[in-house]
Amino acid sequence: MSSVKMVNISFPRFTKFQILVHIGALLPLLLLIVDWSRDNLTFNPIQALELRTGKYALVLLILSLACTPLNTLFGFRQALKVRRPLGLYAFLYASIHFAIFIGLDYQFDWNLLKEAIFEKQYALVGFVAGLVLLSLAITSTRGWMKRLGRTWTKLHKFVYLAGILVIVHYVWLVKSDIQIPLMYGAVVLILLILRIPYIRRHASRVKQSRFVAATKRSFRFMGQRSQAIRNSISHQETT
Amino acid sequence: MKKIHSSEITPESLYLSRRDFLKGMGIVSASAMLLAACGGQPGTQTDIPEKANVSATPEEVGEPLTPYDAVTNYNNYYEFTIDKEDVARKAKDFSTSPWEIEVGGLVKNPKVYDLDDLMKFSQQERIYRLRCVEAWSMVIPWMGFPLAELLNEVEPTSDAKYVRFETIYDPDQMPGQKNQGYQWPYIEGLRLDEAMHDLTMLATGLYGKPLPPQVGAPVRLVVPWKYGFKNIKAIVKIDLVDEMPTSLWMAAAPNAYGFYANVNPEVDHPRWSQSSERRIGESGRRKTLMLNGYEEEVAHLYAGMDLSKNF
């Protein structure tokens with residue numbers, strides 16, 4: 001019984017999971033800004049910024065690529081809703097990464113940049129990956145989905161190319177320790193393999209398995225219990 | 001402070017020629033400039049009094065020293081870790097005394113040097129640029145002596161063509177040496193004429209203090225016109241040989257890291273450009289100088305050589 005006037009606002013309902021994802025995706029940026037303001041960015045701050053923004057972009061791209069398999073394998077439908085935001089966050093970090101490269105690092109010296117990007121492998125590959133992500137970001141809206149129709153799906157399969165190019169970019173820029181970029185590469189490879197139609201069909205059997213069903217049941221149970229606890233607390237407050 | 005023995009005082013002729021030498025390198029040797037750049041770091045007593053009449057090149061003027069903090073906390077020393085900022089912590093207990101350098105091979109007087117022996121050579125402060133192959137650089141005031149002084153003592157024979165250096169092998173103190181991905185211990189080499197050049201030095205100090213472990217204590221090589229990886233650290237062996245030594249990096253990636261490793265903006269690394277570099281402490285990039293700005297002094301060593309093949 002409340003005396004608050006209920007106003008009928010149409011507000012997109014975000015699930016808790018979606019909110020968590022958005023906060024999680026923005027957290028690294030916040031940490032970067034904090035580190036920058038505290039001068040906590042190593043003695044080579046520009047390189048630290050480039051490496052960190054690049055890594056965050058890669059991780060978010062991987063998470064975006066993981067959404068469809070998560071649904072295929074485990075029936076985790078909520079993942080599908082965050083696939084686009086994750087991809088766009090990856091593009092955001094990639095843009096910051098690129099801006100730092102041309103602005104802070106090379107200070108818009110086009111001669112030096114021309115040499116750096118077009119004559120050297122790793123920068124060129126990164127640049128092309130960035131262009132792919134740009135075209136995907138621009139066409140990510142519903143408007144474009146309608147405009148392109150079936151071509152939209154074909155176009156957005158280029159995200160796989162972007163994933164591969166980013167790994168190559170990473171492998172080529174490290175001096176000699178390629179284990180870490182190769183590990184990321186293995187993850188991307190797995191996520192792409194899971195989309196091969198034959199594999200996909202067999203993988204989707206997993207969500208019907210007893211183990212997955214039991215796990216889902218226990219998650220649902222935990223959710224119900226925490227809701228019940230919350231209800232009892234709010235009842236106590238009102239009495 | 002240890003009293004300066006009369007035999008260690010630089011003879012006037014050498015002192016004056018050293019000033020000429022510094023002039024030639026274009027380094028502004030005014031003590032005021034030095035102290036200002038170091039922020040008055042202790043131990044940078046240079047007895048170069050008034051402002052020398054230096055014809056510094058425009059690039060040299062205003063090339064400040066890289067702060068001690070940065071020099072000692074941003075290091076490539078894979079023997080300890082590949083994390084540049086963590087080498088100082090991992091290396092802090094590294095034992096640098098007692099220490100011996102075995103000098104032998106094709107020489108007339110092989111000798112084992114300990115740290116006291118090294119102090120008997122002329123102790124000079126030299127401010128050099130250091131350019132890493134990763135395209136970052138620093139300006140560092142080293143303390144040490146020209147390698148030529150040591151080589152002249154052991155007298156290379158006429159068969160000797162190269163100098164081969166070796167780092168200590170101690171996986172207990174240097175956990176990175178357990179990584180089988182590289183062929184430890186670290187090896188480096190110079191052509192004999194490069195080794196005998198006055199610019200090539202063995203450094204035992206930094207900013208007027210003994211080298212801290214993370215930069216290669218107790219003694220390391222400094223060859224300022226070559227990429228940083230040529231500047232081998234924690235040396236225990238120096239051999240005069242007649243065959244070109246294969247360095248650790250040559251063995252690891254021969255298409256990227258060669259024997260000469262001369263700083264050259266026109267010869268790129270296979271995967272990135274070497275035409276510019278980032279000076280630690282500055283934003284933006286600098287154009288990389290041919291032979292790291294020491295072209296006048298060392299270009300003659302490579303006359304007639306195709307530097308894109310002999311990289």
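In chain B, G104(B) stands opposite D239(B), which belongs to strand β10(B). Strands here are DSSP runs of E of at least two residues, helices are DSSP runs of H or I of at least four residues, and both are numbered from the N terminus. This is a predicted model, in which local features need pLDDT of at least 70, side-chain atom pairs count only at pLDDT 80 or more, and totals for chains, interfaces and linings use all residues. Residues are numbered from 1 along each chain as its sequence is written, while chains are lettered from A and ligands numbered from 1 in the order in which they are written.

**The sheet in chain B**
- Strand β1 (residues 100-105) of chain B runs parallel to strand β10 (residues 235-241) of chain B, and four bridges join them.
- Two strands pair if DSSP finds at least two bridges between them.
- Five strands of chain B form an open sheet with mixed pairing, in the order β2-β1-β10-β5-β6.
- β2 (111-114) and β6 (187-191) of chain B stand at the edges with a single partner strand each, so one side of each has no neighbour in the sheet.

**Chain A**
- Chain A has eleven helices and zero strands.
- The C-alpha trace of chain A spans about 70 × 50 × 40 Å along its principal axes.

**Where the chains touch**
- Chain B gives 20 residues to the contact and chain A gives 20 residues; two residues are in contact if their C-beta atoms, placed from the backbone, lie within 7 Å.
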